[in-house]
Amino acid sequence: MRAEVLVKKALPDSLTPQRLVELYRTMLLIRHFEEQCAPAYRQGKMGGYMHVYIGQEAVATGFIAHLRDDDYMLCSYRDHGHAIARGTDPRRIMAELFGRYTGVAKGKGGSMHLVDVERGFLGGYGIVGGMVPLAVGVGYGIRYRGTDQVCLCFFGDGAMNIGPVHEALNMATIYKVPVVFICENNRYAMATPVEFASAVPSLAERAKQYGMPTRQIGGMDLLEVYREAEEIIRHVRTTPEPFFVEVLTYRFEGHGIADNPTNQALYRTKEEVEYWRQRDPIVNTARFLLENGFATENELLEWDAHAKQQALEAVAYADASPEPPLEELYRDVYTDMEVQEWR
Amino acid sequence: MAVITYREALRQALTEEMERDPGVFILGEEVGRYQGTFRVTEGLLQRFGEMRVVDTPISESGIAGMAIGAAMIGLRPVAEFMTFSFALIAADQLVNHAAKILYMFGGQIAVPVVFRGPAGGGAQLSAQHSHSLESWYAHIPGLKVVTPATPADAKGMLKTAIRDNNPVIFMEHAKLYSTRGEVPQGEYTVPFGVADIKREGRDVTIIAYSQPVLLALHAAQKLAETEGIECEVIDLRSLQPLDMDTVLRSIHKTHRAVVVHEDHRNVGFGAEVVARIQELAFDELDAPVLRVASADVPIPYARNLERAAFPSEEDIIRAVKRVLA
Ligand SMILES: Cc1ncc(C[n+]2csc(CCOP(=O)(O)OP(=O)(O)O)c2C)c(N)n1
Ligand SMILES: [Mg+2]
């Protein structure tokens, strides 16, 4: 009896235990998906830059949970988790990473440029901060049409130091666009710590100057992210005005596939990484589920195995998929005209 | 046919397209309350309201990005750069975003946006305000680049640009805004990728675009009157797509060509035209194809130096005589 009362307090009204389990399983799927990437990369199945989201799962999961089908989102190149949280088929994401025709962009974008137009996911972008002005345009388009959609725009702490982001934040307030700017502060831009790169260490504090509501929240606890995101997105949808939220999080792995442990030693200690691993959002949530009787040990194991199975299936699907036909080289440069082949 | 200015022609195109399609809107610095730096958007704020004629802060990346984002969800923004010299601030948005989004997302997101404004110089604007740089944009797969020279083309091509589902770099020229010309009555558009023979001739083909088309026409007139040399003046009108067929047909007739543009000569668009001519019609040529373009220097302020830096009628006449020599 007593436990039930406590539980009711801990869970936000809108979050049923079943929904919480769903979100937990989304995080598990992201984790397992990401864990399959490095081995596949090392086997030469993928190329290019590849950035995983391990450690940050609660952020995309907790925010995207509140999107309606007709809402929009954009993010950076660290985009696998966002696509998975939005419900994109992990097999097609992996196929994109493998450069296969069945990928979400026919294999023409790769890891950094995932997309899912049907779900309003307007893409991952490789130029730091480059998509933040785009989000203002999406928000303006929403206002122009007079709907109550919202747009989420995810970017890193490093993006706070590039000019276009500041032009965009300023314009977002001028035009009162319904955009949530979600700055995932994982402490580093590659090897550069926030304290070095930002004259004002609090990124939310910097954003305050743009006249929109701002907030700094923790990003390692799914429930906290979920609760805050619910309030923020409701505010943006109903006001409408932009909102800036700095989410304190951490990436457990290197910046990208090339940032191996030896490289990482140049900018962070094992102790620091360990400190954050102790705050693993997946472990946290699992504990919460157990303690509140929303899941049994067995169920947790079962869900974990299922997520791993999905990730392995994604790899198998990608591996079995064909490469894009060579005609694709010349397709999609323009909507309506052929590019000449020079030979 | 009505005779109107290039500026009025652009304004007519904007007005007609905004009347036709509620998704078309304008954004840029000083486009609304101030009526446009070059008065192209005069009266539009009053007519269409501030949701559709959007004054912006001085934020070229922000303007370009906002236009691209709105285009990605199906609106048809027309973003004005006060001049294309300032578009350099937005280069990343134009090159890495507008031009790439369709391709890198596998053809699933179109970007029907127009970036327009004046390029070029010639009014003693000196080093930082006189850029053309159309070759930079034409270099980028995914962008269409058009450079109309007359009021009729300006109107018809701006309408085409707004209806196009791809990002279009629409380069006007400050020295053209007050020029006058006949414009067809009623609804019409001018397609991209179709060059226009602005003057017929049998001796030398002069290939130009934007304001230098007028220079070329003057030079051709003078050559005809004083030397009896008949130049064919081809206005490319659109650089990407590029209509080489019209150029090649003319060269089959004249066997000699001069390319004229206001951008710098070194790695300018003329180099591309010359390269294609020699690839496609080497055997037709009776002389090397020459280029008339700006000196490869930053554009100076002093009137005499600026005049010397830009291509002139005399430069064109000299080049024509050289290819005939
Ligand atoms: C404009 C630009 N400059 C540099 C880079 C190279 N680069 C890629 S990711 C990155 C760090 C970005 O860090 P942050 O914004 O914190 O995102 P995170 O990788 O931590 O998710 C850099 C410098 C780039 N992609 N774009
Ligand atoms: Mg970071």
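This is a predicted model: local features need pLDDT of at least 70, side-chain atom pairs count only at pLDDT 80 or more; totals for chains, interfaces and linings use all residues.

Student: Which protein atoms are the donors of the magnesium ion (ligand 2)?

Tutor: To read a metal site, one lists the N, O and S atoms within 2.8 Å of the metal. Here the protein donors are OD of A:D157, OD1 of A:N186 and O of A:Y188, and they lie 2.0 to 2.1 Å from the magnesium ion.

Student: How are the donor residues spaced in sequence?

Tutor: The spacing is written D-x28-N-x1-Y.

Student: Is A:N186 buried or exposed?

Tutor: A residue counts as buried when its relative accessible area is under 20%. A:N186 is buried because its relative accessibility is 5%. A:Y188 is likewise buried, with a relative accessible area of 8%.

Student: Let us turn to the other ligand. How many residues surround ligand 1?

Tutor: There are 15 residues around ligand 1, and A:Y77, A:R78, A:G126, A:G158 and A:N186 are the closest. By type, the shell consists of 8 nonpolar, 5 polar and 2 charged residues.

Student: Which polar side-chain atoms lie at an oxygen atom of ligand 1?

Tutor: One belongs to A:R78, at 2.8 Å, and another to A:H255, at 3.4 Å. The protein covers 72% of the 580 Å² of accessible area that ligand 1 has on its own.

Key: Residues are numbered from 1 along each chain as its sequence is written. Chains are lettered from A and ligands numbered from 1 in the order in which they are written. Side-chain values use heavy atoms; hydrogens and water are left out. Donors are N, O and S atoms within 2.8 Å of the metal (3.2 Å for Na, K and Ca); water is not among the atoms, so sites may look incomplete. Buried means under 20% relative accessible area, exposed over 50%, partly exposed in between (1.4 Å probe, protein chains only). A residue is near a molecule or strand if one of its heavy atoms lies within 4 Å of it. A polar contact is a pair of N or O atoms within 3.5 Å; within protein, one must be able to donate a hydrogen and the other to accept it, and residues adjacent in sequence count only if both atoms are side-chain atoms. Accessible areas come from the Shrake-Rupley method with a 1.4 Å probe; for residues, only the protein chains shown count as cover. Ala, Val, Leu, Ile, Met, Phe, Trp, Tyr, Cys and Pro count as nonpolar, Asp, Glu, Lys and Arg as charged, and the others, Gly among them, as polar.
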